[in-house]
Amino acid sequence: MRPARLTVVTAAAVVAALTAVTGCSEKSDASGDGTIKVAASDSACEVSAKEFPAGKVTIEVENKGSKVTELYVLFPDDRIVTERENIGPGTKATITAELKAGDYEIACKPGMKGDGIRQQVKATGTGTALKRSPEADAAVAAYRKYVQEQADGTIPKAQAFADAVKAGDVEAAKKAYAPSRIGWERTEPVAESFGDIDPKVDVREDGLEPGQEWTGWHKLEKSLFAENKIDDADKKLADTLMADLAVWQKKVGQAEITPTSMANGAKELLDEVATGKVTGEEERYSHTDLVDFKANVEGAQKAYELLKPVTSKTDPALTAELDKQFAAMNTLLDKYRADKTSYEFTSYDKVGEAERKELSDGVSALGEPLSMLAAAVAK
């Protein structure tokens, strides 16, 4: 889960302001090696190129500010092409994406709050993305099927949760809560790419934007686990959750999916673990963080496994390292469940600081090679 998604702002004003800051014209070029450089700070998002060739695009962002930031590449309708979150002060991140010819926005989000600082950019050329191998095309087709299956499978589990809430059965609702979220957590980057669904179903209270009504799983989680009650508002909210999830289920088939978006999505899932699950912030009332943790890892591993026929040719060393780190991560998670086929995990409030550090170190060990997956896919 992330705080509420970005919303469209007046791009012309942003471009004018950033042009003044950077001293670049709208047709400035990328660096000599073709990389678009983004200098992010607490008050600016300086982009080295506002026009660049369509196809493989490499973006190198450096956070020169004092706040943790995120970087987004957005379609004009605010759908997310790709993103990278949790970029700490003084650190850099490299993102590889496939962009067809057209208009986009690059957005920096210092403090991971608000609309972000945006820059209009344009990919020019024939409008075609990278030429793909048969293995890459097969990976995209299989992943598209996978995310639809996860959405379809979530609906009955979420309905069981909603029905328990509407019946006023607190204990049944508590039991159904975590299973209802597994399919969402496995494919969260695809769901988030639509922009408007995630803030409705998965936002935490501290992620609300000014004036935003709190709806979704975590509002019900608080009622059930922190307050041990269900009121009439919660019962109505259960219906709202199902209506919003039905929209997600319908939209999944329309998602823009490429080999690089699959790879970047896998890294985003590990970022989700690092920023929400390991810290215990995501499921702060139910303490079912390890269920989400496992689902995020499964979703990342699925994307990787589908892309493996590509990366085994383009970067065998990276492929071997990812095999090793996914195996290590799964072995570590197995310590917290008695049955390796179930989703009955230890309540996260029972996991000590040393164990949390071990989990965090495992995520870091996997996240580093996973951040290289998109570049390997795009070779």
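How much space lies in the largest pocket?

Modeller: Keep in mind that this is a predicted model. The largest pocket holds about 340 Å³ of space. Its lining is made up of 19 residues, and the ones nearest the centre are Asn86, Lys267, Asp271, Ala274 and Gly367. If you sort the lining by class, you get 6 nonpolar, 7 polar and 6 charged residues. As for where the lining comes from, strands E6 (80-87) and E7 (92-99) each give at least two residues, and so do helices H9 (259-277) and H12 (353-370). H12 has the largest share, with 5 residues.

Now for the rings. There are 8 aromatic pairs in the structure. One of them joins Trp184 and Trp248 edge-to-face, with 5.1 Å centre to centre and 70° between the planes. Trp184 belongs to helix H4 (residues 182-186) and Trp248 to helix H8 (residues 232-251), so this pair ties together parts that sit 64 residues apart in sequence. Trp184 has 0% relative accessibility, so it counts as buried. Trp248 is buried too, because its relative accessible area is 0%, and the cut-off for buried is under 20%.

Elsewhere, Phe161, Tyr177 and Phe225 are linked into a cluster by ring pairs. You'll also find arginines sitting over ring faces: Arg79 lies over Phe75, 4.2 Å from the ring centre, and Arg181 lies over the face of Trp217, at 5.0 Å from the ring centre.

Conventions: Residues numbered from 1 in each chain as written. Predicted model: local features only at pLDDT ≥ 70, side-chain atom pairs only at ≥ 80, totals over all residues. Heavy atoms only, no water. 1 Å grid on protein atoms, 1.4 Å probe; cavity = no way out; pocket = protein on both sides within 12 Å on 5 of 7 lines; lining within 4 Å. Points joined across faces, edges and corners; volume = space filled by probe spheres on them. Helix = DSSP H or I, 4+ residues; strand = E, 2+ residues; numbered from the N terminus. Nonpolar A, V, L, I, M, F, W, Y, C, P; charged D, E, K, R; others polar. Phe/Tyr/Trp six-rings, centres within 6.5 Å; stacked < 30°, edge-to-face > 60°. Buried < 20%, exposed > 50% of the residue type's maximum accessible area, 1.4 Å probe, protein only. Lys NZ or Arg CZ within 6 Å of the ring centre and 35° of its normal.
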